[in-house]
Amino acid sequence: MRKKNNLTNFAAGSTTLIASGTHVLGDVRFAGNLEVEGQITGNIMAEDGADARVRVLPKGCVVGDVSVPVVVINGRIEGNIYSSLQVELAANAEVEGDLHYALIEIEKGAQVNGNFVHRSASAQQESLPPVENVAETGMQDLGS
């Protein structure tokens, strides 16, 4: 068994942190890196053509769709994931939704309740929902 020693490289640009205890209501658009230790209730979208990466840390939670080239999950996502490059599911990952990906890595212990949809990198970029459509899908009523 191979033990992974390196972390996914950071994307070029700045890093935005949603700290533990912070709850963002609304969609988040970014370029660079987004680290989620708190909660986001809304969709997460990378700027068009941006070299972007989102990482959901162990206590982090996203309720909404994620449309980012590189997605690393070690927390919880309740929504669909649209990745044009790579998805990494760490041991504490919990996903309630479909994963659209070009490359995927899954560690023992990760949980997914949804479909896996593989696309080549070029086909994936074409099949991503337009940012406006992702934002219009709205949020699911998950109760309190």
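Predicted model: local features only at pLDDT ≥ 70, side-chain atom pairs only at ≥ 80, totals over all residues.
Local features were considered at pLDDT of at least 70 and side-chain atom pairs only at pLDDT 80 or more, whereas totals for chains, interfaces and linings use all residues. Residues are numbered from 1 along each chain as its sequence is written, and side-chain values use heavy atoms, with hydrogens and water left out.

Strand β4 spans residues 32-36; strands are DSSP runs (E, at least two residues) numbered from the N terminus, and helices are runs of H or I of at least four residues. In β4, 5 of the 5 residues are buried, so the strand is largely enclosed by the rest of the structure. Buried denotes under 20% relative accessible area, exposed over 50%, and partly exposed the range in between, with a 1.4 Å probe and protein chains only.

Strand β4 pairs with strand β1 (residues 15-18) in the parallel sense over 4 bridges, pairing being assigned where DSSP finds at least two bridges between two strands. Within this pairing, Asn 33 of β4 lies opposite Thr 15. Strand β4 also runs parallel to strand β7 (residues 52-56), to which 5 bridges join it. Val 36 has Val 56 of β7 as its bridge partner. In a regular strand the side chains alternate between the two faces of the sheet.

Side chains of opposite charge can pair when their charged atoms come close. The whole structure contains 4 salt bridges, each defined as a side-chain nitrogen of Lys or Arg within 4 Å of a carboxyl oxygen of Asp or Glu. One of them is formed by the side chains of Glu 35 and Arg 55, at an N to O distance of 2.6 Å. This pair links distant parts of the chain, with Glu 35 in strand β4 and Arg 55 in strand β7, 20 residues apart. Glu 35 is buried at 7% relative accessibility, while Arg 55 is partly exposed at 22%.

Arg 76 takes part in salt bridges with Glu 78 and with Glu 94. The N to O distance is 2.8 Å for Arg 76 and Glu 78; for Arg 76 and Glu 94, the closest N and O atoms are also 2.8 Å apart. Arg 76 belongs to strand β11 (residues 76-78) and Glu 94 to strand β14 (residues 94-96), so this pair ties together parts that are 18 residues apart in sequence. Glu 94 is partly exposed, with a relative accessible area of 32%. A network of salt bridges that share partners joins Glu 35, Arg 53 and Arg 55. Arg 76 is partly exposed at 25% relative accessibility, whereas Glu 78 is buried at 16%.
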